Amino acid sequence: MKQAVSILGGDMRQVYLAQLLREDGYLTVTWGLEQGGAPNGVPLEQALESDLLLLPMPVCRNGKLHLPLTDAELDVERLWPRLRYDQLLLGGMTGEMSPRLMADYGLTLLDYYAREDIQVANAVPTAEGALQLAMEASDRTIHGSRCLVIGCGRIGKLLAGRLAALGASVTVSARKYGDLAWIRAWGWQGVQTGALDGTLDQFHFIFNTAPALVLDGTRLREVREDCVILDLASAPGGVDQQEAQRLSLRASAALGLPGKTAPRTAAAAIRDSVYHILEERGELM
């Protein structure tokens, strides 16, 4: 018999995750997901009894468990003492929390998002979600447009390929010469990220994936007024949003796109990452 699993909080990704685990035969209970219609909701005390606890992504915001689909609140510092040392906790974007919980409470918290498999899987709905938002925000097609993708990581590569497939003229910026060589080998224009000055007025769409401030006030003043700017990087992002607003530019921060535009696909990626962790630990049933 497969082990019991509790899913505590999260967004629609966790709702779909509960459904997927139940379809796979796991006895799955949920807490903090009632507004999303999650199956088998139970009181918190019952949810905390399972040997495997799946926490949200991110696990917490401002010291509280990430609970956007319930009116309840739960301080994480009040949660940890209620758990057993023999339970396995899996959460997303745990940061420095994992070693601290082991040291302070003897708890094992592993980050299912700190794996290449799930980050690649998440890059796909992020790229597709960025295309969706860009088309909704613009009065022109991607086809025939000039697009800049800042950064050549997982998301940047997938996004550039999809833009090119739609008929856009694609430029990708990168810091490393090796990345620039690959960019040109794939048939895109390449430019050093540090050499973007004086080039930004030619683009209809700009997608930032770099987790550092690239589009500051000086560079934003070069951008054409009808350009759509999407910042896909984690907070604080790579676009000075306050300055963009002052300049009346079409700029927005597009964080957490997999959970917003494709939560079912994102849930499948989390499920697979959880299974990979359990398999590596010899606990997959």
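Modeller: In this predicted model, helices are DSSP runs of H or I with at least four residues, numbered from the N terminus.

Biologist: In which helix does Gln14 lie, and is Gln14 buried or exposed?
Modeller: Gln14 belongs to helix α1, which covers residues 12–23. Beyond its neighbours within four places in sequence, Gln14 has contacts that include Ile7, Leu33, Tyr112 and Ile270. Buried means under 20% relative accessible area, and because the value for Gln14 is 0%, this residue is buried.

Biologist: How far apart are the end C-alpha atoms of helix α6?
Modeller: Helix α6 runs over residues 154–165, and its 12 residues, at 1.5 Å a residue, should span 16 Å.

Biologist: Within what arc do the buried residues of α6 fall, seen down its axis?
Modeller: The buried residues of α6 are Gly156, Leu159, Ala160 and Leu163. Seen down the axis of α6, these residues line one face of the helix, because they fall within an arc of 100°.

Biologist: What distance separates the C-alpha atoms of Ala123 and Leu158?
Modeller: Ala123 is placed in helix α5 and counts as buried, at 1% relative accessibility. Leaving aside neighbours within four places in sequence, Ala123 is in contact with Arg154, Ile155 and Leu158. Although Ala123 and Leu158 are 35 residues apart along the chain, their C-alpha atoms are separated by 7.3 Å.

Technical notes. Residues numbered from 1 in each chain as written. Predicted model: local features only at pLDDT ≥ 70, side-chain atom pairs only at ≥ 80, totals over all residues. Heavy atoms only, no water. Helix = DSSP H or I, 4+ residues; strand = E, 2+ residues; numbered from the N terminus. Buried < 20%, exposed > 50% of the residue type's maximum accessible area, 1.4 Å probe, protein only. Contact = heavy atoms within 4.5 Å. Expected span 1.5 Å × (residues − 1). Arc of directions from axis to C-beta.
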